[in-house]
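Me: I would like to learn how to read helix packing, cores and backbone angles in a model. Please take the features one at a time.

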Amino acid sequence: MALSDTSSHIRLNPKRCVTMIATESLLPKPQGIIRAADILRAGGLVAFPTETVYGLGGDARDDHAVARIFQAKARPRFNPLIVHVPDLETARRYAVFDARAEDLAAQFWPGPLTLVLPLRADAGLSALVTAELPTVAIRVPAHPVARALLAAFDGPLAAPSANPSGKVSPTRAAHVLEGLSGRIEAVLDGGACKVGVESTILGLDGHPTLLRPGGVALEALEASLGMVLPSGGDAAKPSAPGQLASHYAPGARVCLNVAAPLAREVWVGFGPCPGATLSLSETGDEIEAAARLFHILREADALAGEGGTIAFAPIPMMGLGRAINDRLSRAAAPRG
Ligand code: TXA
Ligand code: MG
């Protein structure tokens, strides 16, 4: 069924350029979920909340829907997408799970862990989702609205973070609309995301490798695997291709590990930072800081303005501090 059959004001764009469409704001009530699932079934795009960040969902089996995700985000085609499924049983239809992957999924799903596993030959996913790699990134989100949407849609959802490529990830429906209004059919408003940084990505196609620090702390993964995890993050030739050096880029310049800011800088504190303009967590709690990170980055950007500087206080490299420092170092990297 084409989208234009279900709604007169939604039209799929057959051309490469993006024509503006009216983006619906849907409530996470049964009616809103049904509407969102209908849009997805008709090949449309719906942004939805997960416990990490908002994702931009489309049917992972539908080349046209997946192509529209890349188009709406202006995302490079070589950068593959994460497939979201409701449970481990469904995940087994798309990826090959060995005993180690089964154990990790049992322990961390639903939750903010993405596993990169060998793609099954009969997976039936769009080749654009995997960027023609022999692997697939797959995750089972914990957010009740994401779970309700997956149940209603009853299929795999490809979903990158719902922001224009290279920009700050969205943790509220309003952030999604700031970046993608007019380019997607709908956003399901589930309030603020609790974790606030994207999922941890673990490569399990061969030797276990940390491809992206995220919502599951490295310490917890290492304890579960009983080994020290090597990191696969080479910005020049990333094994998670989306891990490019410059990402999460706000308009202002970003400086890290600043204990003594200049007067004109917007200083973002962590722990006791007398005189800080904003704070990620006044008590120095990295879980609270992760949950607030992308919202504070947007607020600080608005305060600093074009040409201004945001200075972040040091954040220890432990627990979610690793994911926070990873995102901030990309926000601070020279723009390509
Ligand atoms: O928390 C999250 O993971 C969010 C929510 C919406 O689920 N999604 C998200 O997607 O962060 P995205 O597209 O912004 O980041 C996905 C990352 C990219 O760096 C991409 O290169 C990597 O996953 N990736 C996807 N498939 C891969 C694969 N087969 N091998 C290696 N990396 C892969
Ligand atoms: Mg992203």
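Reply: We start with two helices: α9 and helix α10 (residues 321-332) pack at an angle of about 20°, with their axes 9 Å apart. This is a predicted model, in which local features need pLDDT of at least 70, side-chain atom pairs count only at pLDDT 80 or more, and totals for chains, interfaces and linings use all residues. Residues are numbered from 1 along each chain as its sequence is written, chains are lettered from A and ligands numbered from 1 in the order in which they are written, and side-chain values use heavy atoms, with hydrogens and water left out.

Me: What do helix, axis and angle mean here?

Reply: Helices (H or I, at least four residues) and strands (E, at least two) are DSSP runs, numbered from the N terminus. Axes are lines fitted to C-alpha atoms, for helices over the stretch in contact, and angles run from 0 to 180 degrees between N-to-C directions. Angles under 35 degrees count as roughly parallel, over 145 as roughly antiparallel, 65 to 115 as roughly perpendicular and the rest as oblique. α9 and α10 are therefore roughly parallel to each other.

Me: Which hand does the crossing of α9 and α10 have?

Reply: A crossing is left-handed if the near helix is turned anticlockwise from the far one by less than a right angle, and right-handed if clockwise. For α9 and α10 the crossing is left-handed.

Me: Which residues of α9 and α10 meet?

Reply: Contact means heavy atoms within 4.5 Å. Glu286, Ala289, Ala290, Leu293, Phe294 and Leu297 of α9 meet Gly321, Ile324, Arg327, Leu328 and Ala331 of α10. By class, this contact of α9 with α10 has 8 nonpolar, 1 polar and 2 charged residues. Here Ala, Val, Leu, Ile, Met, Phe, Trp, Tyr, Cys and Pro count as nonpolar, Asp, Glu, Lys and Arg as charged, and the others, Gly among them, as polar.

Me: At what angle do α5 and α8 pack?

Reply: Their angle is about 135°, and the axes of α5 and α8 are 11 Å apart. That makes α5 oblique to α8. The crossing of α5 with α8 is right-handed.

Me: How many residues does the largest nonpolar core have?

Reply: A nonpolar core is a set of buried Ala, Val, Leu, Ile, Met, Phe, Trp, Tyr and Cys residues joined through side-chain atoms within 4.5 Å. Buried means under 20% relative accessible area, exposed over 50%, and partly exposed in between (1.4 Å probe, protein chains only). The largest nonpolar core has 49 residues, and Leu56, Phe97, Trp109, Leu115, Ile138 and Leu202 have the most contacts inside it. α3 gives the largest share of this core, 5 residues. Another core, of 28 residues, lies apart from it, with Ala289, Phe294, Leu297 and Ala304 among its members.

Me: Which peptide bond is cis?

Reply: Most residues other than glycine have a negative phi, and most peptide bonds are trans. The bond that joins Trp109 and Pro110 is cis, with omega about -5°. Pro110 sits in the loop between α5 and β5.

Me: Where does Asp154 lie, and is Asp154 buried or exposed?

Reply: Asp154 lies in the loop between α6 and β7 (157-158). Its phi is positive, about 60°, although Asp154 is not a glycine. At 63% relative accessibility, Asp154 counts as exposed. Ala131 also has a positive phi, near 50°, and at 21% relative accessibility Ala131 counts as partly exposed.
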